[in-house]
Amino acid sequence: MSAKQEIILSGIRPTGRLHYGNYFGAIKSFIELQGKGHQCYYFIADYHALTTISERVDFFQQTIDMLRTYVACGLDPAQSVIYRQSDLPCTAELSLLLGMITNIGHLERGTTYKDKLSKLEQGAQGLEGNPLSFGLLGYPVLMAADILIVRANQVPVGDDQRQHVEMAMDIAQKFNHRFGETLTIPRAVQRNALRLPGLDGSAKMGKSDNNTLDLLDDPKTVLKKIKGVQTTTDPEPLDTESNDPDAVIPRMPNSVGALYRMLSLLAPEEVYLEFVGKYRRGEKFYGTLKTTLAEYVSKFNEPIIERFNAPENTPESVKDFLRENARKVTPVALETVEACREAMGIGRSLYRA
Ligand code: TRP
């Protein structure tokens, strides 16, 4: 047991399929945080998924598939408390309470809201439905409720979510200032995360459907996707002596960089170095680079696919641990909500234990 037990919380959007960007950006660091004596809460942000909905999506099914993949990667529901946000509906109650002290002006500076607004102003297609919903504006308030309800003191997030965590800190401080010390002030911690480029040469894997390598892709699919990566440009001189991926990769065309990044993560160092050497010398090598990388990716995927399909990793078993973990977190969460009700002056619920 470590000297001080930290309460760690992070939320995951229910996307269904998981790709390498998810793995190296989040899953890996969640797994590393397990078993270090901390209390880890990981939840599926299914309410949040509804903030940008334009047609019905089966988030329940996506949640189940995603969690089977998480378990296949090594996340352990016996060590970490894994639950669905919507199984903890008092989160919505806390969000309502926190909304009472949150300025609209503050929310209008939120990145998710601003991005959507600017896309609308540029006349983007496919944003039918209710693109500027009350729910979307309130996204950071709901996120603050997620964090504050379990009194998390560490929130590991990638850069794109930092602002939201800072808003949660502000809301908690404001609450305590106005109504007395009630909430624990959280802090954002840098997630040990790597932003993987997309196979199509875009900056981030996952931005579009056709630019990801998925953890459940079979060898044939892996090879097909990797062969499809655009490598028509000849290598450019690297103008650095260093072989460090962080020095070399930014000097390559993006799609080629994506291949080298994957190689540096999955292959033994000498294999990565061999291909950096070929790049420097401008040899013809893209074909072997691709088949070599495809082999390492398939080797990485193989045990994940096997554990995904293991007899003990069924949709039923996922439902069982979701139920059990929601039961575990509920008393902790209700205690926070009741304390806030009391602090704000409406008093504790008359019917809840
Ligand atoms: N907004 C986060 C994302 O898009 C998910 C999320 C919801 C979250 N609530 C959270 C992350 C609370 C950390 C803490 O990735």
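User: Is Y20 buried or exposed?
Analyst: Y20 counts as buried, because its relative accessibility is 0%. Buried means under 20% relative accessible area, exposed over 50%, and partly exposed in between (1.4 Å probe, protein chains only). This is a predicted model, where local features need pLDDT of at least 70, side-chain atom pairs count only at pLDDT 80 or more, and totals for chains, interfaces and linings use all residues. Residues are numbered from 1 along each chain as its sequence is written, and side-chain values use heavy atoms, with hydrogens and water left out.

User: OK, and how many aromatic pairs does the structure hold?
Analyst: Twelve. Rings of Phe, Tyr and Trp (its six-membered ring) pair if their centres lie within 6.5 Å; planes under 30 degrees apart count as stacked, over 60 as edge-to-face and the rest as tilted.

User: Why is the pair of Y20 and F300 tilted?
Analyst: Their planes are at 45 degrees, so the pair is tilted, with the ring centres 5.6 Å apart.

User: How exposed is F300?
Analyst: F300 is partly exposed, at a relative accessible area of 24%.

User: Which residues are in the cluster with Y20 and F300?
Analyst: Y23 and F24; ring pairs link them with Y20 and F300.

User: New topic: which charged end sits over the ring of F308?
Analyst: That of R68, 4.1 Å from the ring centre. A charge sits over a ring if NZ of Lys or CZ of Arg is within 6 Å of the ring centre and within 35 degrees of the ring normal.

User: And what lies over the face of F275?
Analyst: K278, at 5.9 Å from the ring centre.
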